[in-house]
Amino acid sequence: MPHSQTSAPRGSVRLARGASPWLLPTVATAALSLVRARRSKRAAAIAVPATALAAGMLWFFRDPEREITQGRVISPADGVVQSIMPWKDGRTRVAIFMSPLNVHVNRAPLAGTVTSVEHIPGGFVPAFNKESENNERVVWHFDTELGDIEMVQIAGAVARRIVPYVPQGTKLEQGERIGLIRFGSRVDIYLPEGVDVAVEVGQATTAGVTRIDRD
């Protein structure tokens, strides 16, 4: 049975699933240092950076609701189009770089069924670096109305964990949340042969909102 889109109001924000291992210790440290700040100069000194870090974590792990755009292929990630590259098999790879300031929850580019989710170990060089081709990644394949669609989540220099939300066999609606990459990273989507690209290098994208293909 397909997963339904959330009924939360547009514009509302929740925290991303998979954030707890990073977020909870940071918020707890900030809260404890604030409580002790009145009685301890050391705690007071810790309170300011700890609170700033906790606020930064809350911002990074935000997961806003989106009104999903109508279109054949929509962006799986918030970020900037880093490259558009023809592939040997006729497909076109669109690479989207995600900075630490972007929302890092990724979404399904099309409606369909997850046919495979493969984790591939690797390095952790910056995601904008050419050597990031060998980084840790999760490779997704979706059975869609356009055929097989491949999407790759790539870890960056800071990101050390990709958190898939759905397993193989899951039926997805377009724009449904499928996973999280912690901190700076990249998402590649491969458009089938004959599908024209609507975005340009340097263009900002919004997951679930920016259309990637052109009619």
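**View 1. Arg-177 and Asp-63, a buried pair.** Both Arg-177 and Asp-63 are buried (under 20% relative accessible area; over 50% is exposed, and partly exposed lies in between; 1.4 Å probe, protein chains only). In this predicted model, local features need pLDDT of at least 70 and side-chain atom pairs count only at pLDDT 80 or more, while totals for chains, interfaces and linings use all residues. Residues are numbered from 1 along each chain as its sequence is written, and side-chain values use heavy atoms, leaving out hydrogens and water. The two side chains form a salt bridge, 2.7 Å from N to O (a Lys or Arg side-chain nitrogen within 4 Å of an Asp or Glu carboxyl oxygen). Arg-177 sits in strand E11 (residues 177-181) and Asp-63 in strand E2 (residues 62-64), so the bridge ties together parts 114 residues apart in sequence. Strands are DSSP runs of E, at least two residues, numbered from the N terminus.

**View 2. The salt bridge of Arg-186 and Asp-188.** N and O lie 2.7 Å apart. Arg-186 and Asp-188 are buried. The structure holds ten salt bridges.

**View 3. Arg-211 and Asp-215 in a network.** Their closest N and O atoms are 2.5 Å apart in a salt bridge. Arg-211 is partly exposed at 23% relative accessible area. Asp-215, at 74%, is exposed. Shared partners join Arg-72, Arg-211, Asp-213 and Asp-215 into one salt-bridge network.

**View 4. Thr-170 in its loop.** The loop runs between strand E9 (162-164) and strand E10 (171-172). Thr-170 is buried, with 9% relative accessible area. Its side chain reaches the backbone oxygen of Pro-167 at 2.8 Å.

Conventions. Helices (H or I, at least four residues) and strands (E, at least two) are DSSP runs, numbered from the N terminus. A polar contact is a pair of N or O atoms within 3.5 Å; within protein, one must be able to donate a hydrogen and the other to accept it, and residues adjacent in sequence count only if both atoms are side-chain atoms.
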